[in-house]
Amino acid sequence: MRRALVPGTFDPITAGHLDVITRASQLFDEVIVGVAASRSKHPDGTMFTLEERVGFVEESVRGIANVLVRPFDNLLVTFADELGARVCVKGLRAVTDFEYEFQMAALNYRLAPQIETVFIMSTPDHMYLSSSIVKEMAFMGGDIHGLVPSCVEKALHDRVS
Ligand code: PNS
């Protein structure tokens, strides 16, 4: 059984995240999407609660049989070990992601060399997408249709109206 962990803050999940999760689900027997409670990258906190973020991911992956969703608040590598996942899959967009991901992969390797970090390149359609930019667009009245799953589109509209 090849089990992979796809971790993230998912505040909220975007079409880009969903693309990476879907492609990972085709490469591994089981994919667990780990939704981080941690706010290390987000000093101002998240827009959506952990429960809301988990709920959006669950609703978005409902049609994919081998994907499960779990929250976590410990080290990524500890969580991966607890799950029995030897692979951690991250999405990589433009070069802007590289330095941060390179640092995380190197430190995670130092902490737990048995866990392999694997990158899936974003498709050109999703290169420009991020949770932050989608939130900004929604707040300023931009059209976010197709950039996020429909449950997130509704939640963002409700939040800004
Ligand atoms: O979607 P994000 O915000 O890029 O995801 C970042 C995430 C959740 C993968 C990262 O913050 C993380 O791994 N958090 C768990 C805590 C941890 O292990 N930190 C040390 C990494 S070297």
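Q: Over how many bridges do E1 and E4 pair in the parallel sense?
A: In this predicted model, Ala-4 has Val-87 in E4 as its bridge partner. That pair belongs to the parallel pairing of E1 with E4, for which the number of bridges is two.

Q: Which residue in E5 is the bridge partner of Val-87?
A: Strand E4 also runs parallel to E5, and six bridges join these two strands. Within E5, the residue that partners Val-87 is Glu-116.

Q: Which residue in E2 is the bridge partner of Pro-7?
A: Strand E1, residues 3–8, pairs in the parallel sense with strand E2, residues 30–36, over six bridges. In strand E2, the bridge partner of Pro-7 is Gly-34.

Q: Which strands stand at the edges of the sheet, and why is one side of each left without a neighbour?
A: The open sheet has five strands with parallel pairing, in the order E3-E2-E1-E4-E5. A strand with a single partner has one side left without a neighbour in the sheet, and this applies to E3 (67–72) and E5 (116–121). From one strand to the next the twist averages 30°. The edge strands, each left with one open side because it has a single partner, are E3 and E5.

Q: How many of the six residues of E4 are buried?
A: Strand E4 comprises residues 87–92, and helix H3 touches it while packing on the sheet. Helix H4, residues 98–111, also packs on the sheet, touching E4 and E5. Strand E4 is largely enclosed by the rest of the structure, as its count of buried residues is five.

Q: What angle does the direction of H3 make with that of E1?
A: Helix H3, residues 76–83, packs on the sheet and touches E1, E2, E3 and E4. The direction of H3 makes with that of E1 an angle of about 150°.

Q: Within what arc do the buried residues of H3 fall, seen down the axis?
A: The buried residues of H3 are Leu-76, Val-77, Phe-79, Ala-80 and Leu-83. They line one face of the helix, because seen down its axis they fall within an arc of 160°.

Q: Which residue follows H3 with a positive phi?
A: The buried residues of H3 pack against E1, E2, E3, E4 and H4. After the helix, the backbone has a positive phi, near 75°, at Gly-84.

Q: Is Ser-60 buried or exposed?
A: Ser-60 is located in helix H2. Residues up to four places away in sequence aside, it touches Ile-13, Leu-18, Pro-149 and Cys-151. The relative accessible area of Ser-60 is 15%, and the cut-off is under 20%, so Ser-60 is buried.

Q: The backbone oxygen of which residue lies 2.6 Å from a polar atom of the side chain of Ser-60?
A: A polar contact requires N or O atoms within 3.5 Å. At 2.6 Å from a polar side-chain atom of Ser-60 lies the backbone oxygen of Phe-56.

Q: At roughly what angle do the axes of H2 and H6 cross?
A: Glu-52, Phe-56, Glu-59 and Ser-60 in H2 meet Cys-151, Val-152, Ala-155 and Arg-159 in H6. By class, this contact has four nonpolar, one polar and three charged residues. The axes of H2 (residues 50–60) and H6 (residues 150–160) come within 9 Å and cross at roughly 145°.

Q: Which helices are included in what covers the buried residues of H6?
A: In H6, Cys-151, Val-152, Glu-153, Ala-155 and Leu-156 are buried. What covers them includes H2 and H5 (131–139).

Note on methods: Residues numbered from 1 in each chain as written. Predicted model: local features only at pLDDT ≥ 70, side-chain atom pairs only at ≥ 80, totals over all residues. Heavy atoms only, no water. Pairing = 2+ DSSP bridges. Helix = DSSP H or I, 4+ residues; strand = E, 2+ residues; numbered from the N terminus. Axes fitted to C-alpha atoms, helices over the stretch in contact; angles between N-to-C directions. Contact = heavy atoms within 4.5 Å. Nonpolar A, V, L, I, M, F, W, Y, C, P; charged D, E, K, R; others polar. Buried < 20%, exposed > 50% of the residue type's maximum accessible area, 1.4 Å probe, protein only. Arc of directions from axis to C-beta. Polar contact = N/O pair within 3.5 Å; in protein donor to acceptor, adjacent residues only side chain to side chain.
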